[in-house]
Amino acid sequence: MGAVRKAGTAVGNLIWPPVSPLTGCNVAATGQLEADSWAAIHFLDAPWCDTCGLPFAYWVGEGAECGACLARAPAVHKARAALAYTDLSRPLVLDFKHGGRLDALDQLAAWMVRAGTGVLAGAQALIPVPLHPTRLFTRRYNQSLLLANAVSRRTDITVEPGWLIRKRRTPTQAGQSGKARRRNVAGAFAVTARGHAALAGKTVVLIDDVMTTGATFEACAKPLLRAGAVFVNALALSRVVKPADPTT
Ligand SMILES: [Zn+2]
C-alpha cells in the first residue's frame, strides 16, 4: 500500500502545501509545527489532579486531588487534556473548530492519546460530545466526532456517536462562570435507546475539543451513569488552566 499512499500524499502536498496549523508557515509535512511553535504549546503532564487532570505546580503525591474535586466529587471519574488552552495554542484549536483545518487531526489525536493513557486504558467506547443538530448544520461537522475518530484509529476503541444526544441547544458558554455553565448545560444531554441497550457495565470516554470548567463533561456523564455505565472518563484536546494550589 505504501507506494500508492505516498504518491497520493505527494500529489496532495502539491495541491495543499503543508503549513503549520499554528502559524500558517510552510512545514515539511502535513500536521507538523515549525520548531519555534513547540515552545508555544504547553503540553499538560503529571503532576496533576488525579481526578480532573488540573496540573499542579509541584508533586503532592500519588492520587492527589485538587481542592475543587475534594469539595465536590465530579461525575466524571477521570478527565485529562493534551494541552493548555492559552493565547498561543488558541489558534490551533479554533482553526480546527471553526476554520475547517483538518490536516492536523492525526497529530492532535496523538497528543490526546499520550495525555489520556490513564483514561483510555480499559475503555470500551469513545463518546464524542454531541452538537445540537442546528449547530451541526451551520458548522458542517462535529469537531468532537472527528477527534474521537482520530483517537479511535490510534487505540482501536470504537466510537459510539449514537449513544448520547444533545436535547436542546445551549447558548454559547464563552465568558460565563462555572456556576452559569453548569446551569446552562444541566439536563441538555440524553442517552438514546441504543445507548440504554449498550451502556450497562461499560467504561466509556467522552471526547471534546476544549474543557473549560468541566461543566459539559459533567452534564454528559450524569445520564450515561444513570443508564448503567460503570465509569465515565473524559479526554479533551485542550483545557483552560487556572493557576491552582493543590493544598487549597
Ligand atoms: Zn481536580
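Two strands are taken to pair if DSSP finds at least two bridges between them, and helices (H or I, at least four residues) and strands (E, at least two) are DSSP runs, numbered from the N terminus. The model is predicted, and local features need pLDDT of at least 70, side-chain atom pairs count only at pLDDT 80 or more, and totals for chains, interfaces and linings use all residues. Residues are numbered from 1 along each chain as its sequence is written.

Strand E6 runs parallel to E1, to which five bridges join it, and arginine 80 stands opposite leucine 235 in E6. E6 also runs parallel to E5, here through eight bridges, with threonine 203 opposite phenylalanine 231 in E6. Eight of the nine residues of E6 are buried, a residue being buried if 20 or more other C-beta atoms, placed from the backbone, lie within 10 Å of its own.

Nine of the 12 residues of H11 are buried, among them Phe217, Cys220 and Leu224. The elements that cover these buried residues include strand E1 (79-84), helix H9 (178-185) and strand E6 (231-239). After H11 comes glycine 228, whose phi is positive, near 115°.

Note on methods:
Two residues are in contact if their C-beta atoms, placed from the backbone, lie within 7 Å.
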